[in-house]
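Here is a short briefing for a reader new to this structure. It covers salt bridges, ligands and pockets.

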Amino acid sequence: MSQPDIPFPNSPVVPTMVSETHTIEFSCHKGIGCWNACCSNIDISLTPYDVLRMKTRLGITSTEFLKDYTVPYEMEKDGIAGIKFRPVEGGSACRFMKPEGCDIYTDRPTACRYYPVALLSMRKQDEYVDRESYAIVKEDHCKGHEVNRRITIADYRKEQGLVEYDDLARGWRQLVLKKKSSGPTIGKPSLRSRQIFFMACYDIDRFREFVFADSFAKLFELKPEERESFATDDAALLQFAFRFLRQVMFGEESIALNAEAAQERLAKVQEKRLIEEREAAKKRAMESEAEGADEGFD
Ligand code: SF4
Ligand code: SF4
């Protein structure tokens, strides 16, 4: 199964973009000649919500899930990281593939649900929201395209439980797109900010410890009901993680800073402005001195 999520580097097919109303002819069912062929050769990127569902299913922490079931990769050079499924030791098959089918079917990741459709999220530089369109992946081994069942992509998404999966991963897709489209304007993220991005997106149990640590409370103010829900509700905490990252990566403030921290921040901004003004004045003075010297040579 090739990875159809963004970006789309290893696809066997150059995708044609279609909308949700497009009808596909496809059905996958046990007994089909190619059963499990797609799960025997995987290259699957995972979303933060995929991690949350699978670590809950397996009864392990997100930290354990990341270590045992995934490998990190760079979504863009020197940029932010993504994660992919780690296949079986020494092979390319998915570790959840069983002769009877997927062993974690009800919690299978987004890419497995979408196949053979691919979600393509795009964002124009001057737009705040992302646009979603779709592509169809046709691989020779997949006989599902030969089955006579017509279904629109909108209905296929509903059938595969993707409405919830996409809703809960939308904040992450927007962050990735915004980071890619802003590119060098916000510069290369530091190692620390890349680590924070990784933790907040994929390692929800460590992010919870981070949010409940004293150092976080010194900087940010959380409402009591938020603290209560973040303590037990992974999905709510994940949505907060995306808000937190928007704030630290792009300065989109939606989490209140505590009064002392806000004061310190204001002082820093004022100090920075003062330094910039002094430097500009110094530059102007040097330029006028240089002009004066030129005039002396006439
Ligand atoms: S998670 Fe399930 S559906 Fe996805 S590749 Fe693995 S076995 Fe196949
Ligand atoms: S029909 Fe396609 S998706 Fe279904 S088992 Fe065969 S290769 Fe996989």
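**Salt bridges, ligands and pockets**

The whole structure, a predicted model, contains 20 salt bridges.

**Salt bridges**

- Lys84 pairs with Asp43, and their closest N and O atoms are 2.7 Å apart. This pair links distant parts of the chain, 41 residues apart. Lys84 lies in strand β4 (residues 81-85), while Asp43 lies in the loop between β1 (23-25) and β2 (45-46). Both Lys84 and Asp43 are buried.
- Arg57 forms a salt bridge with Asp107, with 2.8 Å between the closest N and O atoms. Here too distant parts of the chain are linked: Arg57 is in helix α1 (residues 48-58), and Asp107 is in the loop between β6 and α3 (110-114), 50 residues apart. Arg57 has a relative accessible area of 37%, so Arg57 is partly exposed. Asp107 has 11%, so Asp107 is buried.
- Glu226 and Arg243 meet through their side chains at 3.6 Å, N to O. Glu226 sits in helix α9 (residues 224-232) and Arg243 in helix α10, 17 residues apart. Glu226 counts as buried because its relative accessibility is 15%, under the 20% cut-off. Arg243, with a relative accessible area of 28%, is partly exposed.
- A network of salt bridges links Glu20, Arg157, Asp166 and Arg173.

**Ligands**

- Ligand 1 takes up space in the largest pocket. The residues around ligand 1 include Cys39, Cys94, Cys102 and Cys112, along with Phe85 and Phe96. Its shell has ten nonpolar residues, no polar ones and no charged ones.
- Ligand 2 also has its place in the largest pocket. Around ligand 2 are, among others, Cys28, Cys34, Cys38, His141 and Cys142. This shell divides into seven nonpolar, three polar and no charged residues.

**Largest pocket**

- The volume of the largest pocket is about 610 Å³.
- The lining has 33 residues, and Cys28, Trp35, Cys38, Tyr105 and Cys112 lie nearest the centre. By class, 22 are nonpolar, seven polar and four charged.

**Second largest pocket**

- The second largest pocket holds about 390 Å³ of space. Its lining includes Leu219, Phe220, Glu253 and Lys268.
- Helices α10 (234-250) and α11 (259-296) each supply at least two lining residues. The largest share, four residues, comes from α11.
- This lining has five nonpolar, two polar and four charged residues.

Definitions and conventions:
Residues numbered from 1 in each chain as written. Chains lettered and ligands numbered in written order. Predicted model: local features only at pLDDT ≥ 70, side-chain atom pairs only at ≥ 80, totals over all residues. Heavy atoms only, no water. Near = heavy atom within 4 Å. 1 Å grid on protein atoms, 1.4 Å probe; cavity = no way out; pocket = protein on both sides within 12 Å on 5 of 7 lines; lining within 4 Å. Sits in = over half its atoms within 2 Å of the grid points. Nonpolar A, V, L, I, M, F, W, Y, C, P; charged D, E, K, R; others polar. Points joined across faces, edges and corners; volume = space filled by probe spheres on them. Salt bridge = Lys/Arg side-chain N within 4 Å of Asp/Glu carboxyl O. Buried < 20%, exposed > 50% of the residue type's maximum accessible area, 1.4 Å probe, protein only.
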